[in-house]
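Please work through the exercises below with the sequence and the structure side by side, and try each task before reading its solution.

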Amino acid sequence: MSKFWSDFVVGLEPYVPGEQPANINLTKLNTNENPYPPSPAVMQAMENAVNDDLRLYPPSNADQLKQTLADYFQLTPEQVFVGNGSDEVLAHVFNGLFRQAQPILYPDISYSFYPVYCGLYDIEFSQIPLADDYSLDLEGYRRANGGIIFPNPNAPTGRLLGLDAIEALLQDNRDSVVVVDEAYIDFAEAGSSAVSLIDQYDNLLVVQTMSKSRSLAGMRIGYAMGSKILIEGLERIKNSFNSYPLGHVQLAAAIASFNDPDYFATMRERVISSREWIVEQLKVLGFDVLPSAANFVLARHSDENGLALTQSLRDKNIIIRHFNKPRLSQFLRITVGTPEQNQQLIDALGEIIG
Ligand SMILES: *Cc1c(COP(=O)(O)O)cnc(C)c1O
């Protein structure tokens, strides 16, 4: 603490990201990154973007990227917002759309950045408990609110909420904004995204990221899609904060990724089939695994302590994520890696459990 800090800064509780260890010999299955590199076309596009034009500011409205996203998702560019990672997009959402008279609602077990943004922007919230099977309890959202947000698939459970349920939620909450944080949606069955509902519901905002399914966590690119009026609100916030959240190289990478659908599809299928393999293997070892539509699984073992297992894996140079929180402390959250990494994980768990 410093005498130079305002009382507000003293009171902040910042987000604590998963560890990014310097030791490259670790098998890193802790932050839901993609185990595969970005597409070669993306690498080439980034290389090409490193040129004399870097002395110029990037296009502040990212028109070409918005057009690319609009074409991909069958929307108009006015229905698309882009930002420096979806975390930044989410920050603008909380600041611009969630500072309302009523508290916002989100699940008690979900992305731990949401309460941080509530603290940063002084937003009241109510956490709605997940059902006993860790699925979203829709009844809990039938009450006055200043907005609703949840990840779908949820993090860190991996559970997917179906489009019918999302549509019911939208209908029940016509007067508040419903944000679906689809950081992991590309690992779910095709057709699971709420993007298809945007033209029918002007209160729906869908947020996605290029960090997970597109292997670009290091480039910091996120985007939101929704009605023109929601996007305009976000643009007002963004242009009151930082007009140039994406640089030339980021823009080039993002556009190139969407222009290489084959690579994307291949990597996506690899991750999904590895996820299914891990689930089977964990079950053989006696784990109870929540159904996952993401690139990670949440699993617990009735005879083993979650924290102790995490530490034993660490001793074997494998890092996963453990949450020391009610209803989560018994679980391990394991990111899907390459087949080799996944085999190491299963072998290590087999040795530990014996
Ligand atoms: C990873 C993640 C994000 C943030 O992604 P970035 O685009 O890398 O900032 C947002 N929401 C959820 C649920 C995530 O897991």
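The following exercises concern a predicted model, and each task is followed by a solution in steps.

**Exercise 1.** Determine in which order the strands of the open three-stranded sheet are arranged, and which of them stand at the edges.

Solution. Begin with the order, which is β9-β10-β12, with antiparallel pairing. Next, count partners: β9 (287-289) and β12 (331-335) each have a single partner strand, so one side of each is left without a neighbour in the sheet, and these two stand at the edges. Finally, consider the geometry, where the twist from one strand to the next averages 35 degrees.

**Exercise 2.** Work out how many bridges join β10 to β12, and which residue stands opposite Arginine 300.

Solution. Strand β10 covers residues 296-301 and runs antiparallel to β12, to which five bridges join it. Looking across from arginine 300, one finds phenylalanine 331 in β12.

**Exercise 3.** Identify the residues of the nonpolar surface patch, and decide whether phenylalanine 8 is buried, partly exposed or exposed.

Solution. The patch consists of Met1, Phe4, Trp5, Phe8, Val9, Val10 and Leu120, which together have about 770 Å² of accessible area. Helix α1 (residues 7-11) contributes the largest share, three residues, and phenylalanine 8 is found in this helix. Since buried means under 20% and exposed means over 50% relative accessible area, phenylalanine 8, at 43%, is partly exposed.

**Exercise 4.** Describe the stretch that UniProt annotates as a domain.

Solution. The unreviewed UniProt entry places "domain: Aminotransferase class I/classII large" at residues 25-349. Over residues 25-349 the chain is 37% helix and 15% strand, while the end C-alpha atoms are 18 Å apart.

How values were computed: Residues are numbered from 1 along each chain as its sequence is written. This is a predicted model: local features need pLDDT of at least 70, side-chain atom pairs count only at pLDDT 80 or more; totals for chains, interfaces and linings use all residues. Side-chain values use heavy atoms; hydrogens and water are left out. Two strands pair if DSSP finds at least two bridges between them. Helices (H or I, at least four residues) and strands (E, at least two) are DSSP runs, numbered from the N terminus. Axes are lines fitted to C-alpha atoms, for helices over the stretch in contact, and angles run from 0 to 180 degrees between N-to-C directions. Patches are made of residues with over 30% relative accessible area and no salt bridge: like charges are joined within 9 Å, nonpolar side chains (Val, Leu, Ile, Met, Phe, Trp, Tyr) within 5 Å. Accessible areas come from the Shrake-Rupley method with a 1.4 Å probe; for residues, only the protein chains shown count as cover. A salt bridge is a side-chain nitrogen of Lys or Arg within 4 Å of a carboxyl oxygen of Asp or Glu. Buried means under 20% relative accessible area, exposed over 50%, partly exposed in between (1.4 Å probe, protein chains only). UniProt positions are given in the numbering used here, feature names are shortened, and annotations may be inferred rather than shown by experiment.
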